[in-house]
Amino acid sequence: MYFKISLHVLCLMVFSAFFWGCGAEQSTEHTPRLAANFYVRYVAENQELRGQASFFQEDSTTLAFPGGVSFMGSGTQMKELPNGLLRYEGKMRVPYQNPTRFAFKLPGLEAPTEINLSMVGIDQYSITSASKSEGLRLMVNNTLAADESLLLLFTDPNEEVRTIVRPGPLERTELFIPADAVALFTPGEYRIYLVKSRQIKAQTEGLDYEASVEFYSTEKEFELKD
């Protein structure tokens with residue numbers, strides 16, 4: 001009799017656990033994850049800092065924030081773009097600040113979400129030598145991480161723009177451009193500025209996001225010799 005009662009009780013316990021377990025799974029609400037794109041650009045020439053943010057739901061439609069989105073502690077403007085895209089934009093004239101920050105309140109979360117995007121800008125650099133036969137040597141004030149790159153934009157004597165890209169990592173502050181990279185360049189007076197950029201892919205609670213940070217240096221002049 002003891003064995004029969006214990007087996008019966010055990011069956012009831014297993015059935016109850018299965019029943020309540022299924023009920024718990026059925027009652028669990030699906031919490032949708034949102035996606036976002038962030039873009040930051042700093043132009044050192046006029047100290048202009050610009051930030052842009054767009055948010056997307058699981059069905060790829062864009063998401064509006066009734067409470068707004070802040071960039072560097074200031075409010076942004078919401079712009080309506082073609083195809084129903086919404087974009088939040090902020091712009092200011094300030095010295096470069098690292099990290100740059102976006103803040104907003106995601107649906108279903110009590111605390112505001114803050115996205116910090118870090119990248120050291122190139123605010124100091126110099127061309128130490130420049131010739132077609134030996135290439136270019138530059139000194140920059142910081143290195144490149146694996147997810148960073150450096151774009152060199154040249155304006156030649158004929159006012160034509162030429163570019164060279166140096167992907168990271170770069171562990172030294174000296175940058176060498178070999179002679180074959182400038183073989184088609186015309187000798188003479190040049191203008192140059194650098195664009196350092198970082199591509200980020202990350203996630204935080206309730207949000208997957210991609211971000212791009214760009215720093216445009218001041219312009220310098222140099223002579224490219226034979």
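**View 1. Phe154 is buried in this predicted model, at 0% relative accessibility.** Phe222 also counts as buried, with a relative accessibility of 8%. Phe154 and Phe222 form an edge-to-face aromatic pair, with 6.2 Å from centre to centre and 70° between the planes. Phe154 belongs to strand 11 (residues 148-155) and Phe222 to strand 16 (residues 220-224), so the pair ties together parts 68 residues apart in sequence.

**View 2. Tyr42 and Tyr96 form a tilted aromatic pair.** Their ring centres lie 5.1 Å apart, and the angle between the planes is 50°. Tyr42 is in strand 1, whereas Tyr96 is in the loop between strand 6 (85-93) and strand 7, 54 residues away. Tyr42 is buried at 3% relative accessible area, while Tyr96 is partly exposed at 21%.

**View 3. Strand 1 (residues 34-43) pairs with strand 15 and with strand 2.** The pairing with strand 15 (residues 207-216) is parallel and runs over 10 bridges; here Leu34 has Leu207 as its bridge partner. The pairing with strand 2 (residues 48-56) is antiparallel, over 9 bridges, and Val43 stands opposite Glu48. Strands 1 and 2 form a hairpin with 4 residues between them, and Gln47 in the turn has a positive phi of about 55°.

**View 4. Four strands form an open sheet in the order 4-3-7-8, with antiparallel pairing.** Strand 4 (74-75) and strand 8 (113-117) are at the edges; each has a single partner strand, so one side of each lacks a neighbour in the sheet.

**View 5. Lys220 lies over the face of Tyr125.** The distance from the ring centre is 5.1 Å.

Technical notes
Residues are numbered from 1 along each chain as its sequence is written. This is a predicted model: local features need pLDDT of at least 70, side-chain atom pairs count only at pLDDT 80 or more; totals for chains, interfaces and linings use all residues. Side-chain values use heavy atoms; hydrogens and water are left out. Two strands pair if DSSP finds at least two bridges between them. Helices (H or I, at least four residues) and strands (E, at least two) are DSSP runs, numbered from the N terminus. Rings of Phe, Tyr and Trp (its six-membered ring) pair if their centres lie within 6.5 Å; planes under 30 degrees apart count as stacked, over 60 as edge-to-face and the rest as tilted. Buried means under 20% relative accessible area, exposed over 50%, partly exposed in between (1.4 Å probe, protein chains only). A charge sits over a ring if NZ of Lys or CZ of Arg is within 6 Å of the ring centre and within 35 degrees of the ring normal.
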